[in-house]
Every structure is written in C-alpha cells, then in structure tokens.
Amino acid sequence: MTQHNHFDHDFVEDSNTSKNPEFSQIVAKRMSRRTMLKGGTGLTAAAFFGTLPLVGCGSDNDNDNDVPSNGATPAVPATGDLKTPKQLNFTAVAHYTGNEMMVADGYNAEPILHVGTPLITSSDVPEWKDNRENVPESFQFRMGDNHDGMWFFGKNGNNYSAKASDNALLVINHEYTNQSLNPNITVLPDYVAQTGVTGIYAKTRPASNVRRECYAHGVSVVEMKRRANGIGYEMVKDSKFNKRYTSASEIKISGPAAGSDMLKTKYDSTGTKTRGINNQCGAGLSPWGTYLTTEENFINVFARGADKAIIGDKADYAMGRYGLKENGIGGGYLWHTPPKSDEKFMDEFARWNSTATGASALDDYRNAFNTFGYIVEIDPFKPNSNAVKRTALGRFAHENCAYAPVEEGKPVVMYMGDDARGEYIYKFVSDAKWSNVDIGGGLKAGDKYLDKGTLYVAVFKDDGTGEWKALTHGQGALTNANAKYAFADQADVLINARLAGDALGATKMDRPEWVSVSPVTGEVYVTLTNNSNRTPTKHGMNAANPRNYAGDKGNRNGHIIRWAEKNNDHTATSFNWDIYLFAAPNDLTAENLSGLNANNDLSSPDGLYFDPRGVLWIQTDDGAYTSRTNCMLLAALPGKVNDGKEVTTSAGIKTRVGMQANEQNIKRFFVGPKGCEVTGITLTPDFKTLFINIQHPGEDVDGVTWGAIAGGTTPRSATVMITKKDGGVILGESLK
Ligand code: FEO
Ligand code: CA
Ligand code: CA
C-alpha cells in the first residue's frame, strides 16, 4: 500500500530506533570494480519454466543471451518458449494521468474479478450495488478489497500442474480496505465528548462495519478457465475450489515458535492456532506448488491500552519495536471497538485489543499481536485445509517471499523483505534438502521445508560486499545475556526478528518491498521503494541507501538493489551487491543516476517479478511523481552485478549503479488509472496472459470511476488481464 495517503490505514510503521550501522559516519570508500563472481552466472531460466523452478547451477553462460539450458531438464517445463528477449521491441507507453488504463500497442487490458464479485451463486450474496452496503458476512463469498500479490496455479483435474494453462486456480491477496472509499463506513462521534471515555476506546465503530472489513481482507482462491474464443479467462462461479481466507479464518501456527508462551491467548492456550490473516501484500510461490501469502501492515488493526506495569519492560519493548506502544491504536481501523453487545462470536472484536487485562495471557489477547506478521502457506487445491503460519521465516512486515531455483539435494532458500522505514532484508535456508518428488506435496511438503532451517538478516557494506547473519538463539548477541533484549529462546528470536536484526547489526534499508530472483543470472533483486527518513539526522546515508533529496527529503523515488551470492550458492553467507536502478523523474538530473528518459522513468518501484524468460517486470506504488504520471508497469532486461559504474549521489555518497538505462533494456508497458497502485503479477505457463492488479483506483483523488459498475460512481480494485490482440505470447514481438 502507499505510504503517502491521508488516512491512517496507510500508516507505514517506523519503529527502528536501533543504532545499527548506517555507515553514515564511515567515509565513503572508493569502490573498486569487482571481478565477476567465480563460477559465473549459470543458473538456468529453464529452471523456472512457468511456475515451478527446478534445477540449478551450471556452467558460465555470461555471453549467451538465450536462456541457458546447461543440460538441465526441468521435470515440468512451461509450455512457452523460454528464450530471453535480446531487446524490448514494443512501443513505450507515454506518461499518463487520466482515469483509464494505457497498455502497449497490440495488447488488450481488461478488468475482471472486481472487489465484491460473488464467487458463488446465492440469494445471500447478491450482485454488487455500487457501494459496500452488501451484507457484511457475504464478503466471505466475494472478492475482497485491494487486490495485491497473486499466482496462477495451472490445474489438471483436481491437481496442480505447472504446465496447465487452460484451467487454473488464480489466488489473489486482498491487502486492506479503503475507508476513504467506503460509503456508509461510520466512525461514531468522539466518545470523549459524549461519554467521557478516553484512551483506545475514545472512538468506536459499528460491528457491521468492522465485520465487513474483516471479511474483505485476506486471500481469494478463484477457479478460472480459458474463454471459448481462446483468449483470456473467465471465473468458474460455484467451483468447489472457490474460497476466501479472511481476517476471521482459523489458522494453524507451525514451526519453531509454535507452542511458545508468547503465542498463547484466551482463544488458544496451546499457542498453535490463531484467528485471521491480515494485510496480505506480495505473493510467493513454493517450489512444491503452494501459495505463500504475507502479513505486512498487521499493526493497523491492533490497539493497546496502558499495561506496561503488567507485561513488564521486556514485552513492552518488543511490542514497541513492532509499532504498538502503550495507548496506541495501530492504523486507525478500530476493529477492537464495536460495543460488546454487538458481538456475534466469542471475542470477535476484543481479540484485536492487545491490552493485558486478565490474570494471565490465557485470559486476554495480549499475545494476539504476536500471532500476526508471518509468511502464511495455503494449498489452493485443498479447500478444506487450514492455512499455516510458518514461524521459522520470522515475524515482521512481510512484503513477499521469493525462492532461489531449487536443486536436487540442496536446501530450499527463500528471500524476504520487511517493508517499513529502515527495516531489514532476510533469507531462510531450509534444513531439509530439496527433492523433486515433493512437487505437488502440499502443506506436508511445507512442513518439511518451512518449519526447520536458518533465518538470516543482511548486512550491506559500503565496499560492495555483504554478509548474512544467522538469527540463531545462543549464538553471538542472541542470548539471554543480551542487555538490550534478553532473548529467551529461538521462538523469542523469530517472533522478535526485528530485535534480533538490531542485535546483529543488520543494515536499515529504504523500505524493502518485493524480492525476485533472476532465472538467467541467479542474482536477487529487491525494490527499495522510498524512505522519508533517509536523512542525516534520522537513518543517515550509506552506499546501499545513498540518496537524500534536497538535504532533508530522504529517498523520494526509490531504487532497486541486487546481489550475487558467493559462488552463486544461495546458501552462502556472503555476497556482492550493486544498485541495479535508481528510480527518478527523467529531468531531475542530479537524481537520475540510471539515465532514464520519458519512456522509462518511474518512481517508487514496488512489485517485482522475473518471468521465466528472464524479463524483469517492475510495478510502481508512487506518490512523488504522480503529477506527471499514474503508477505503471515496466518491462526490463537487466544485466548483472557490477555491469555499470561508480557514481556519487546528490547526497555525496559513493556507490555503484548498474548498466545505464536505454530503450532496449527498460521500457514502460502499462499505466494504470489515476490514484491507483499497480501491483501483483503472474504469467500463465503458455506466456499468453499476464495478470496484474489495480489497487485502490481513485484513492485520494476525486472523480475516478475506474472499475465502477455501469452507471456507478464507486471505483473498484480489480484484476487486469493483459493479452495480445493476435492471441500470441506476451512480449512475443521482442523475441523476433
Ligand atoms: Fe503492501 Fe509494502 O506494500
Ligand atoms: Ca508500496
Ligand atoms: Ca507493495
């Protein structure tokens, strides 16, 4: 979600007050051009084939623009041509500030699956009525709001098939609800004036409103089939696979923190389950074919009264590090406030109140906050199964989750970012070694690969190298003897991963958003969307986060960082990095360090996705350049770490930027309607349909009706299906 909007739901939590090295005091060192990684960059794009990656490293294919095969045979190849384009041959889409969508010539873009679309046929779930007054409970059977990350799961019969394109389960995140766009959402008058009630109950909301929002969050699973004319897809209404996971669903908690006292609540005295997933942001796929959704700004729906005297300094410090201080109301959702008389289920609303009020943690919801902030695994092909929160991957504001190409007999590696100002980048390395027989293994395979392993946090050094530091209890600073925060056990380390990152000297980044791994080079890319705190007096600058606009405006336009793991081994504990791209308005010369022009300039990169052919798709969620253009989707053909030059930013920081932009290697492909964010992306295995999402069209601007029903005025988030007019392959013109 954007951080610039007026309403509290866009609160981007900012609680990293650690003294971790910003390198701001370190004199910028001259960075020598580093030699290419020994061993080359021979990961195969074939390994990614559509939806499932398979095999891994091979010989050095640096000079081969085609996808290297390395003799590796993907077990389940995509049906599309895996050749990597040598250049981008479509005509760039110009800057655009209107209320429609603009897509490259030769393509169609069509909205489908708008918020509120019924997934089943029932008189209790009527068609959308141009407002959000529909029966609140019915959102359990409708598309939720603010579509975000998603994945296309090819389907053959009742099973997953990475090469199936005719029939699929499209799984879509719903990040949050737009209170500013919700007619008839009520915040009751200030209770202080009326009743004298103060603190976190000073305002209250009706139960029906909160219930509607709770059900409009989460994930939709929607069966899709190819249309009769062969181009694009339509929903299979009433499919037995159609399902909503919401902020009210019962969810299993798994991994090293499951059963910890810190996760026990009045709802569950065992610490192994909770109710709800929240703020589903970017998407991830597991190598075995399940969906990995994320919990990002979950702080928004929690509140906490005065209870430090009860929970003690340590727990108070930990809650504060995740943004929930005493007498705090997360992001203003006020889900804890409906009057008790309105409660339909046990503690339906009280569970969002983290105040310690009872005799113990089993008598209240002081720990409910600790049960959010995880990677959550869903098996879309098992509609009767519960989702599972995977605690081994740490608790923070998870943006997305991207795996490195898997190799038989080697660990599974997942990369992740924590999207808040000054937060960290992580990776998880499984204990279990990958076996292709686990493809299609569902949540059991998840138990095998995601419940045991090592979580690491990244340190980016000014000399262009970096290190991964293990979040392992008992090692180094992560012990009970730590004076700042006494880590009791591994559960404590994972639940409070941010505090562990602080203790390990992790590098504060400019809001890590999506991560994606290049199928061509094996290098890892992360969008750093922007950071208003990247100023000398707040976070300070360093080579990895080197921009501060106009002396005190911070990093306004964002950048994309990338790294190559040592010897191309994703389990390595060191890496080489550079900045692939600086986003900037093309005419802001001092900031435009990548040489962007009007056909490829951008601001605030966010969504990021390498398709199986090695095309990098970049999406924006911007507030800094929207007077010139709405948010967009670009296609790019990146090189590799250290293919560029040394630069000095306007803030006087030396760093390295990748190869300069040109119209062959980055170009604008699509621009969305005014007020929207362009986010979420998935490509069908035949490469003929690209799905993206338009989130919150018209937010903070008047008069936008994109996505409204005929004659209606309420703009609606929706999925957008992009196809070629001739029915061909997306970017097929670039393969010629
Ligand atoms: Fe949900 Fe950080 O974007
Ligand atoms: Ca964003
Ligand atoms: Ca995002």
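The protein chain has a mean pLDDT of 89, with 88% of its residues at 70 or more; pLDDT is the predictor's confidence in each residue, on a scale from 0 to 100. Over residues 2–11 the pLDDT is below 50, and this stretch has 39 contacts in the model beyond near neighbours in sequence, a contact being heavy atoms within 4.5 Å. Residues 21–77 also stay under 50, with 167 contacts beyond four places in sequence. The model is predicted, so that local features need a pLDDT of at least 70 and side-chain atom pairs count only at pLDDT 80 or more, whereas totals for chains, interfaces and linings use all residues. Residues are numbered from 1 along each chain as its sequence is written, chains are lettered from A and ligands numbered from 1 in the order in which they are written, and side-chain values use heavy atoms, with hydrogens and water left out.

Donors are N, O and S atoms within 2.8 Å of the metal (3.2 Å for Na, K and Ca); water is not among the atoms, so sites may look incomplete. Glu399 belongs to strand E17 (residues 398–403) and Asp606 to strand E26 (residues 605–610), so the pair ties together parts that are 207 residues apart in sequence. Helices (H or I, at least four residues) and strands (E, at least two) are DSSP runs, numbered from the N terminus. Both Glu399 and Asp606 are buried, where buried means under 20% relative accessible area, exposed over 50% and partly exposed in between (1.4 Å probe, protein chains only). Glu513 coordinates the calcium ion (ligand 2) as well as the calcium ion (ligand 3), and the two ions are 3.8 Å apart.

Four strands form an open antiparallel sheet in the order E2-E34-E33-E32; two strands pair if DSSP finds at least two bridges between them. E2 and strand E32 (677–683) stand at the edges with a single partner strand each, so one side of each is left without a neighbour in the sheet. Strand E33 (residues 689–695) is joined to strand E34 (residues 718–724) by six bridges. Within this pairing, Thr689 stands opposite Thr723, and Leu690 has Ile722 as its bridge partner. Six bridges likewise join E32 to E33, with Ile681 opposite Ile692. The hairpin of E32 and E33 has five residues between the strands, and Phe687 in this hairpin takes a positive phi near 65°. Seven of the seven residues of E33 are buried, so this strand is largely enclosed by the rest of the structure. Thr689, Phe691, Asn693 and Gln695 point one way from E33, while Leu690, Ile692 and Ile694 point the other way.

Positive phi values also occur at two asparagines. Asn146, with a phi of about 50°, is placed in the loop between strand E2 (107–112) and strand E3 (147–156), and is buried at a relative accessible area of 0%. Asn567, with phi near 55°, lies in the loop between strand E24 (559–565) and strand E25 (574–582); this residue is partly exposed, at 46%.
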